[in-house]
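Please keep the sequence and the model in view while reading.

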Amino acid sequence: MPRAAAALLLGLLLGSTGLRAEPAIFQGADLAMGRKLIQENRCDACHAEKTGGKPHAIYRPGKRLTNAGYLRGMVEQCNTELGLSLFPEDVTAIAAVLNLEHYRFKD
Ligand code: HEC
């Protein structure tokens with residue numbers, strides 16, 4: 001089966017079971033790079049300080065951030081405020097990892 005047809009079939013299958021792939025803005029994001037950037041920029045280290053040692057407690061799906069666009073926006077805001085000089089695709093990669101591991105927004 002040609003790849004495009006296989007991808008289409010997979011998409012239909014996932015769609016029909018209600019199991020959607022990642023939000024459109026995270027499609028094609030470089031997850032390996034995202035994980036690396038999260039380590040390099042000490043995201044977890046600082047969050048752990050703020051939460052009494054539980055780095056992931058800072059991620060609260062549905063509290064302030066309610067969709068993928070807000071999540072990406074929040075990472076962009078950290079980027080600016082902390083002066084991290086991340087490129088747009090870096091911000092997307094980081095947000096995609098956070099979504100996969102914590103927020104699980106579908107759109
Ligand atoms: C110098 C400390 C510090 C660093 C470094 C830092 N953060 Fe944060 N971050 C915070 C604090 C403090 C909050 C909580 C802000 C609040 O509740 O108003 C936060 C909140 C967040 C939130 C929102 C959580 C939610 O669900 O409301 C996200 C997403 C986030 N940070 C991502 C990142 C990422 C990604 C990095 C690394 C690129 C990073 N942060 C680096 C201090 C930091």
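The iron atom of the ligand has His47 as its only protein donor, through NE2 at 2.1 Å; donors are N, O and S atoms within 2.8 Å of the metal (3.2 Å for Na, K and Ca), and water is not among the atoms, so sites may look incomplete. This is a predicted model, in which local features need pLDDT of at least 70 and side-chain atom pairs count only at pLDDT 80 or more, while totals for chains, interfaces and linings use all residues. Residues are numbered from 1 along each chain as its sequence is written, and side-chain values use heavy atoms, with hydrogens and water left out.

His47 is placed in helix 3; helices (H or I, at least four residues) are DSSP runs, numbered from the N terminus. Helix 3 spans residues 43–50, and its buried residues are Cys43, His47 and Ala48, where buried means under 20% relative accessible area, exposed over 50% and partly exposed in between (1.4 Å probe, protein chains only). Because these residues cover an arc of only 125° around the axis, they lie on the same side of helix 3; the arc is that of the directions from the helix axis to the C-beta atoms. Helix 2 (31–40) is included in what covers them. After helix 3 comes Gly52, with a positive phi near 65°.

The structure holds zero disulfides, a disulfide being a pair of cysteine sulfur atoms within 2.5 Å. The sulfur of Cys78 has its closest cysteine sulfur in Cys43, at 7.6 Å, which is too far for a bond. Cys78 counts as partly exposed because its relative accessibility is 28%.

The largest nonpolar core has 18 residues, of which Leu71, Ile94, Leu98 and Tyr103 touch the most other members. Such a core is a set of buried Ala, Val, Leu, Ile, Met, Phe, Trp, Tyr and Cys residues joined through side-chain atoms within 4.5 Å. Helix 2, helix 4 (68–81) and helix 5 (88–103) each supply at least two residues of this core, and the largest share, seven residues, comes from helix 5.

Tyr103 counts as buried, at 8% relative accessibility. Beyond its neighbours within four places in sequence, Tyr103 is in contact with Tyr59, Arg60, Pro61, Leu65, Leu71 and Leu98, contact meaning heavy atoms within 4.5 Å. Ring pairs link Tyr59, Tyr103 and Phe105 into a cluster; rings of Phe, Tyr and Trp (its six-membered ring) pair if their centres lie within 6.5 Å, with planes under 30 degrees apart counted as stacked, over 60 as edge-to-face and the rest as tilted.
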